[in-house]
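This note sets out points for a colleague who wishes to read the model at the level of residues and secondary-structure elements. Please keep the sequence and the structure in view throughout.

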Amino acid sequence: MKSTDKNSNINRFGGFLIFFSVAALSWLVMKLSNDYTITLKFNAKFSDAPASRIIPQKDYPIDATVTASGFKLLKYYFKPTNSRNINVTLKDAKYKILSDNRYSVGNTLIKESIADFLEINIYNIELPQADYIFTMNKLASKRVKVNLQTDISFKSQYNIYGEPSVSPDSITIFGSYHDIKDLQFVNTQTIAMKNVVDDINESVDLKFEDETYAEIKKVDVNIRVEKFTEAEMTLPINTLGVNNLVIFPDKAKIKYIVALDDYPNISTMSFNIEIDTTNFKTSEFLPLKPAVYPNNTSIIGIYPDKVEYLMTK
């Protein structure tokens with residue numbers, strides 16, 4: 001008997017929950033079907049400026065009083081604040097010129113954009129202003145270099161060979177005079193690689209400053225990678241024709257790094273080690289320096305790096 005009473009109570013409670021849920025849903029649908037008049041905030045984004053102009057400002061705040069059903073308003077409230085944007089296209093719009101860079105449009109254009117956003121009738125929108133002012137600057141152009149950015153590490157004994165190639169190595173950027181007048185280059189996105197042993201051939205995006213752009217969005221990058229080796233060579237020291245000068249020792253060893261492909265082309269004629277006479281006659285030693293070396297080599301050091309000297313009569 002107790003079990004029967006318990007099941008009966010559960011059934012009654014379940015029925016109550018169903019009734020309550022249906023009633024709540026009916027109430028919600030009824031409420032959302034009603035019309036409400038409320039003030040909403042939007043970000044107006046002007047677009048499609050004439051070819052000779054650029055719109056510098058991103059957002060223009062707009063307050064609009066709208067009358068719409070709860071269902072329509074849900075579309076607004078479900079969007080994050082930074083996504084409540086209305087696009088105001090100037091493509092076919094009529095606007096007034098107020099000054100060199102200030103313009104205005106009638107509020108009908110704004111209403112149409114809000115109506116599209118909420119999917120309501122334009123007559124259900126009220127705006128506090130008859131006209132809305134926005135800015136368009138004259139478009140300027142400038143030729144700038146492309147600056148390659150890399151974060152590359154190489155496997156042991158491998159490195160870049162020569163200078164990286166960037167094509168094109170300069171581009172024309174566009175923007176307002178104020179935005180581009182101080183720009184000297186445009187950066188690429190960073191090429192990031194590790195343990196590289198092969199040539200790098202990449203199409204890389206360019207990074208533009210705010211309010212600037214270019215017709216070219218990517219550049220082709222070629223970075224030649226070669227295996228390098230460490231080598232050394234013993235050479236006579238050039239005393240620069242200083243009379244009555246005797247040095248000890250009169251030869252030095254130069255150590256350098258060179259690509260394997262270039263190694264056979266290196267000879268004793270490729271280098272010249274000479275004395276540094278900056279502190280001549282005021283020091284017991286004369287430092288040594290590489291005066292001539294191939295541009296396809298990197299000097300590790302000279303051993304010894306200084307020599308004793310004696311002046312004879």
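1. A residue is termed buried when its relative accessible area is under 20%, exposed when it is over 50%, and partly exposed in between (1.4 Å probe, protein chains only). By this criterion Phe-117 is buried, with a relative accessible area of 10%. Phe-117 is found in helix 3; helices (H or I, at least four residues) and strands (E, at least two) are DSSP runs, numbered from the N terminus.

2. On the basis of the model: it is predicted, so that local features need pLDDT of at least 70 and side-chain atom pairs count only at pLDDT 80 or more, while totals for chains, interfaces and linings use all residues. Residues are numbered from 1 along each chain as its sequence is written, and side-chain values use heavy atoms, with hydrogens and water left out.

3. On the chain as a whole: there are four helices and 24 strands. Of the 313 residues in the chain, 32% are buried. Among contacts (heavy atoms within 4.5 Å) with a separation of 6 or more, 70% are between residues 24 or more positions apart. The chain exposes about 20,000 Å², of which carbon and sulfur atoms supply 51%; accessible areas come from the Shrake-Rupley method with a 1.4 Å probe, and for residues only the protein chains shown count as cover.

4. On the mixed sheet: four strands form an open sheet in the order 4-1-3-7, with mixed pairing. Two strands are taken to pair if DSSP finds at least two bridges between them. Strand 4 (85-89) and strand 7 (125-126) are the edge strands, each pairing on one side only. Strand 1 (residues 35-47) runs parallel to strand 4, and five bridges join the two. Ala-44 stands opposite Ile-86 of strand 4, and Lys-45 has Asn-87 as its bridge partner in that strand.

5. Ile-86 and Val-88 form the covered face of strand 4, whereas Asn-85, Asn-87 and Thr-89 form the uncovered one.

6. On the helices and this sheet: helix 2 (residues 70-77) lies across strand 1 and strand 3 (60-69), at about 40 degrees to strand 1. Axes are lines fitted to C-alpha atoms, for helices over the stretch in contact, and angles run from 0 to 180 degrees between N-to-C directions. Helix 3 (residues 107-118) packs on the sheet and touches strand 1, strand 3, strand 4 and strand 7, its direction making about 135 degrees with that of strand 4.

7. On the surroundings of Phe-117: leaving aside neighbours within four places in sequence, Phe-117 is in contact with Phe-42, Lys-75, Tyr-76, Lys-79, Ser-83, Arg-84, Asn-85 and Ile-86. Phe-117 and Lys-75 are 42 residues apart in sequence, with 8.6 Å from C-alpha to C-alpha.

8. On the cores: a nonpolar core is a set of buried Ala, Val, Leu, Ile, Met, Phe, Trp, Tyr and Cys residues joined through side-chain atoms within 4.5 Å. The largest has 30 residues, and Phe-42, Phe-46 and Ile-110 are among those with the most contacts inside it. Helix 3 gives six residues, the largest share of this core. Apart from this core lies another, of 21 residues, including Ile-152, Val-166, Ile-173 and Ala-214.

9. On the antiparallel strands: strand 5 and strand 6 pair in the antiparallel sense over three bridges, and Lys-96 stands opposite Ser-104 in strand 6. Nine bridges join strand 18 (residues 225-238) to strand 20 (residues 251-259), which run antiparallel; Met-233 has Ile-254 of strand 20 as its bridge partner. Strand 20 also pairs in the antiparallel sense with strand 23 (residues 297-303), over six bridges.

10. On Thr-212: this residue is found in the loop between strand 16 (200-207) and strand 17 (218-223). Thr-212 counts as buried, at 10% relative accessibility. Not counting residues up to four places away in sequence, Thr-212 touches Phe-174, Asp-179, Ile-180 and Leu-183.
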